[in-house]
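Morning, everyone. Let me put the model up, and then I'll walk through it.

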Amino acid sequence: MSLKPWAAWLPKDGDYQLLPFKFHVLNDERELIVSEPGDWLVVPRGTTDRIANRRVKSDEPLFQDLLGGFFVATDGAPAQLDLMAARYRSRKGHLDSFTALHIIVITLRCNFSCHYCQVSRQTEDRTQFDMSEPDIDAAVALIFSSPSPDLTIEFQGVEPLAAFDRVKYAVLSALQYNAKARRSVRFVICSNLSLLTDEMLDFCREYDIVLSTSLDGPATLHEMNRSSKSNGDLAHLASMLTKSRRELGAEKIGALMTTSKAALSQPEAIVDTYIELGFDRIFLRPLQPYGFAERLQGSWRYSVAQFLGFYKRALSYILQLNREGRVFAEDYASIVLRRLYSPFPVGYVDLQSPTGMITAVAVYNYDGAVYASDESRMLAESSDYRFRLGTVHDDYETLFHGEKAREIVGAGVIEGLAGCSDCGLQAFCGSDLIRNWRETGELYGHRPTSSFCELNMGIQEFLLNLIDTDPESARILKSWAGR
Ligand code: SF4
């Protein structure tokens, strides 16, 4: 008995069933197709039409890609459903553990007066703007009510080191809770580091605390953005970084940048400063014009298109440095690339569906109020309490599963949002309900005029075009997905 030739096992041309998939036009020649479990291909324009009209021949290489990526089936969709469901469940895995990031705004006091600060900072002597010990106790109890086995407790302020006694109190209170709860707990302090002392560093070392600071670029830019009477200069920050790395380890020190309007013309200098100060990555973030920052006038404001121009120039420079042998990554691109190349969730609030507000992050404010995200409490600084869930003295069920929480999370399911529901980039995108609310006065937003949509579509199209046209850039970008 002889084996049948391979072609005998292939279905007849056009004899395939369509599985649900979406497409997005990248440029005049190329389009992206994405299947329901998130597999994707960049293909010549017109391919979607060929697939949908069953004109893909069974001996084309594309046909095997379509079968393997869950775009089409030959043996009936039901046979594929279990596999597709498993892949889909993995992508939504962040919902299994629920809220993992808990931000405690320990004080509104700060020794800096940064131009784009999103909250109305208070002077260092005004201790009434510190979180009280009973409120800290109640916040910690709520944090340990979360079912998540991994908890990150992040201290923000304005400047947490201005109220370090409260940070210590909260850390020790959380560890006391954890003696029974036995979760994996990680602490992060977000600080400008100007008030950092040896005693604080000792405490951070003892309790394995990560420090995350702000670094906006070269001295002229950083010091213009972050004005202060003392210790606000870049040289002082550099010395604190050196000391912190020596005491805690380089992996315990991170930095975030905020893109001011003055930064838009100097992406290369900003990246160079990060490298000079010992970082191997940067997170290029646009200014969020919420809360106190809404008062910023024209000379501080810029458009999404301007930010995209800055982002593309910065990323092109970073890729050039990588080609020359320096290992350096951009964090937002890394998150998007993990969405592209990994079947697992990325844990980044803005790129999750349902929204990461409440499901991934919650904020306990200095005054005892609980908010759905960091930006939510910034909004409250301009007396807009749309995303206030209640107070630390409310019960966990009411705060995290109550009517308001359900309404917010329900509005952040992009599979059901007009514009997003049939968007080819949906599998790699998310939502920003605060922007929706500020731009349209309702939670659902309006995609054709949404700045969040413009920003994410711009970055994703840029990355996909690079991957499609430049193999060396594709290789470097793919390596970031695992970082
Ligand atoms: S926000 Fe825009 S890019 Fe993202 S899924 Fe919705 S329509 Fe697509």
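What share of the contacts between residues at least 6 apart in sequence join residues at least 24 apart? In this protein, 69% do. A contact here means two C-beta atoms, placed from the backbone, within 7 Å.

Some ground rules. This is a predicted model: local features need pLDDT of at least 70, side-chain atom pairs count only at pLDDT 80 or more, and totals for chains, interfaces and linings use all residues. Residue numbers start from 1 along each chain as its sequence is written.

Overview next. The protein has 18 helices and 16 strands. Those are DSSP runs numbered from the N terminus, with helices being H or I of at least four residues and strands being E of at least two. Of the 483 residues, 40% count as buried. Buried means 20 or more other C-beta atoms within 10 Å of a residue's own, exposed means 12 or fewer, and partly exposed is in between, with C-beta atoms placed from the backbone.

Nonpolar covers Ala, Val, Leu, Ile, Met, Phe, Trp, Tyr, Cys and Pro; charged covers Asp, Glu, Lys and Arg; the others, Gly among them, are polar.

On to helix pairs. Helix 17, residues 451-469, packs on helix 18, residues 471-480, at about 125 degrees, with the axes 6 Å apart. Axes are lines fitted to C-alpha atoms, for helices over the stretch in contact, and angles run from 0 to 180 degrees between N-to-C directions. So helix 17 is oblique to helix 18. For that word, under 35 degrees is roughly parallel, over 145 roughly antiparallel, 65 to 115 roughly perpendicular, and the rest oblique. Leu463, Leu466 and Ile467 of helix 17 meet Ser473, Ala474 and Leu477 of helix 18. That contact has five nonpolar, one polar and no charged residues.

Second pair. Helix 5, residues 133-143, and helix 6, residues 164-181, pack at about 35 degrees, axes 10 Å apart. From helix 5 come Glu133, Ile136, Asp137 and Val140, and among their partners in helix 6 are Arg166, Tyr169 and Tyr177. The residues of this contact divide into six nonpolar, one polar and three charged.

Now single residues. Thr273 sits in helix 10, residues 267-276. Is Thr273 buried or exposed? Thr273 is buried, because 22 other C-beta atoms lie within 10 Å. Beyond neighbours within four places in sequence, Thr273 contacts Gly217 and Pro218. Pro218 is 55 residues away along the chain, yet the two C-alpha atoms are separated by 5.6 Å.

Last, the backbone. Most residues other than glycine have a negative phi, and most peptide bonds are trans. The bond from Ser353 to Pro354 is cis, omega near 0 degrees. Pro354 is in the loop between helix 12 and strand 14. Leu193 has a positive phi, near 70 degrees, and is buried, with 24 other C-beta atoms within 10 Å. Ser383 also has a positive phi, near 60 degrees, but is exposed, with 7 such atoms within 10 Å.
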